[in-house]
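Please consult the sequence and the structure below while reading.

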Amino acid sequence: MIAVITADLIESTQFPHWKKSLISDFNAFGKKNIDWSIYRGDGIQIRIENPAEALRYALLLKSIILQIDKLNVRIAIGLGDESEKTTMVTHNAGSAYVSSGRLLENIHQNLEIQSSFEDLNLGLNAGFALLNALCENWKPAVAHIFKLKLWHPEMNQKDIANKLKITQPGVSQALARGNWHEIEKYLVYFHFLIQQRA
């Protein structure tokens, strides 16, 4: 089992230079074209070898996009197999890709998941509705700190403060405003749940 994220930006025409501002952050997802790709202007596809990491990658993508004020993204996570792997992630095939692509076409909230396990889909998408509410109000400064926390889980608040040249209490306040404690618990739960099915 692998995970595939298919995403598109919401009202990206208002932010024509988003790619130039954020492209370096996409290195967090691995090698360009092989692991991730930006296609058709504002479409994004990411291949995730370890499906238990799919939610962390999805929130990392959201934090990268939300660094630009008023820019947002719809994210569809597909879990399944990979029947063909090429040098271009957008040319790969398998049920994970099909599920992710079809889900994005019919997405009801800004973060959803589709797998062959209906009970898993039902439970996780209910949780994602609440998770979405916690993330939607991230301001760019909070999103920037979340990006670092999700990209480099080993970094503590002091490390982030040093990197951003801000105070540790400032980092702590931003994480609290973004509901990091609650989100971290759900990340652990998601990781455990998917590992049981993979």
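In which strand does Ile 44 lie? Ile 44 lies in strand β3, which covers residues 43-48. The model is predicted, so local features need pLDDT of at least 70 and side-chain atom pairs count only at pLDDT 80 or more, while totals for chains, interfaces and linings use all residues. Residues are numbered from 1 along each chain as its sequence is written, and side-chain values use heavy atoms, with hydrogens and water left out. Helices (H or I, at least four residues) and strands (E, at least two) are DSSP runs, numbered from the N terminus.

**Strand β3**

- Ile 44 has a relative accessible area of 0% and is therefore buried; buried means under 20% relative accessible area, exposed over 50%, and partly exposed in between, with a 1.4 Å probe and protein chains only.
- Leaving out residues up to four places away in sequence, Ile 44 touches Ile 5, Thr 6, Ala 7, Leu 9, Trp 18, Phe 26, Ser 37, Ile 38, Tyr 39, Leu 61 and Ile 65; contact means heavy atoms within 4.5 Å.
- The C-alpha atoms of Ile 44 and Thr 90 are separated by 9.2 Å, and these residues are 46 residues apart along the chain.
- Gln 45 is also found in strand β3, and Gln 45 is buried because its relative accessible area is 8%.
- The side chains of Gln 45 and Thr 6 make a polar contact at 3.1 Å; a polar contact is a pair of N or O atoms within 3.5 Å, where within protein one must be able to donate a hydrogen and the other to accept it, and residues adjacent in sequence count only if both atoms are side-chain atoms.
- Gln 45 and Thr 6 are 39 residues apart along the chain, and their C-alpha atoms are separated by 4.6 Å.
- Beyond four places in sequence, the residues touched by Gln 45 include Asp 35, Trp 36, Val 89, Thr 90 and Tyr 97.

- Asn 110 is found in the loop between α3 (95-105) and β5 (111-114), and its relative accessibility of 16% is why Asn 110 counts as buried.
- The side chain of Asn 110 makes a polar contact of 3.3 Å with the side chain of Glu 136.
- Not counting residues up to four places away in sequence, Asn 110 touches Ile 10, Lys 62, Asn 72, Val 73, Arg 74, Ile 75, Asn 132 and Glu 136.
- Asn 132 is placed in helix α4, residues 118-135, and counts as buried at 8% relative accessibility.
- With neighbours within four places in sequence set aside, Asn 132 is in contact with Lys 62, Gln 109, Asn 110 and Leu 111.

**Helix packing**

- The axes of helix α6 (residues 157-164) and helix α7 (residues 168-177) come within 8 Å and cross at roughly 110 degrees; axes are lines fitted to C-alpha atoms, for helices over the stretch in contact, and angles run from 0 to 180 degrees between N-to-C directions.
- Helices α6 and α7 are therefore roughly perpendicular to each other; angles under 35 degrees count as roughly parallel, over 145 as roughly antiparallel, 65 to 115 as roughly perpendicular and the rest as oblique.
- In this pair, Gln 157, Lys 158, Ile 160 and Ala 161 of α6 meet Gln 168, Val 171, Ser 172 and Leu 175 of α7.
- The axes of helix α5 (residues 140-151) and α6 come within 11 Å and cross at roughly 125 degrees, and α5 and α6 are therefore oblique to each other.
- The contact is made by His 144, Ile 145, Leu 148 and Lys 149 of α5 and Ile 160, Lys 163 and Leu 164 of α6.
- Helix α2 (residues 54-65) and helix α8 (residues 180-197) pack at an angle of about 145 degrees, with their axes 8 Å apart.
- Ala 54, Leu 55, Arg 56 and Leu 59 of α2 make this contact with Ile 183, Tyr 186, Leu 187 and Phe 190 of α8.

**Helix ends and positive phi**

- Asn 156 caps the N-terminal end of α6, with a side-chain oxygen 3.0 Å from the backbone nitrogen of Lys 158.
- Lys 165 follows α6 and has a positive phi near 55 degrees.
- Asn 33, although not a glycine, has a positive phi of about 75 degrees; Asn 33 is found in the loop between α1 (18-22) and β2 (36-39).
- Asn 179, found in the loop between α7 and α8, is not a glycine but has a positive phi of about 65 degrees.
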